[in-house]
Amino acid sequence: MKRDTNYISILKKITRDIPCAGNQTLAACIVKGNKIISFGHNQRKSHPLQIKFAKNPDAIFLHAEIDAIKNALKDVNSSFLEQCTLYIARTKKNGSEGISKPCKGCRAAIESFGIKRVVFTTEQENIYGEMTR
């Protein structure tokens, strides 16, 4: 879909403009209709929401998906997220696109907040993966 391409393109630009956190940078946004509700990106800090949904006790650094959810909850209630789509893009340290399919912990958060559609980058330029519930 053209809309998917537009949001992923915005996220790819963001991943190239923010500091790399480790070997890659991920950015995410939550969208309702044609409106971006929030942005998020991976960071070398944590947050209680990340700790709650961490895939293991060592995976407490803030993931882009959790950051986008956390930021959305500043402006909307959690039930609003059930009507939204989450977009995720990953740029590797070398500048190439990478797969940004949510990890087990992020999938648990996405399910917990009722987000029904997730679109993410793959290893192939302009080919996106999708998860729906």
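**View 1. Q43 and D67 meet side chain to side chain in this predicted model.** The two side chains are joined by a polar contact of 3.0 Å. The side chain of Q43 also reaches back to its own stretch of chain, where the backbone oxygen of H41 sits 3.4 Å away.

**View 2. Here is the setting of Q43, in the loop between β2 (35-41) and α2 (48-53).** Look past the neighbours within four places in sequence, and you'll find Q43 in contact with A21, F61, L62 and D67.

**View 3. Now for α3 (64-72), a helix that is mostly covered.** How many of its residues are buried? The count is 9 of 9. D67, the partner of Q43 in that polar contact, is one of these buried residues; the list also includes E65, K70 and N71. As for what does the covering, β1, β2, α2, β3 (85-92) and α4 (104-112) are among the elements that lie over the buried residues of α3.

**View 4. Last stop: the largest pocket, with about 470 Å³ of space.** It is lined by 23 residues, and those closest to the pocket's centre are Q24, L26, N42, K55 and H63. Which elements give two or more residues to the lining? They are β1 (24-32) and α3.

Notes
Residues numbered from 1 in each chain as written. Predicted model: local features only at pLDDT ≥ 70, side-chain atom pairs only at ≥ 80, totals over all residues. Heavy atoms only, no water. Helix = DSSP H or I, 4+ residues; strand = E, 2+ residues; numbered from the N terminus. Polar contact = N/O pair within 3.5 Å; in protein donor to acceptor, adjacent residues only side chain to side chain. Contact = heavy atoms within 4.5 Å. 1 Å grid on protein atoms, 1.4 Å probe; cavity = no way out; pocket = protein on both sides within 12 Å on 5 of 7 lines; lining within 4 Å. Points joined across faces, edges and corners; volume = space filled by probe spheres on them. Buried < 20%, exposed > 50% of the residue type's maximum accessible area, 1.4 Å probe, protein only.
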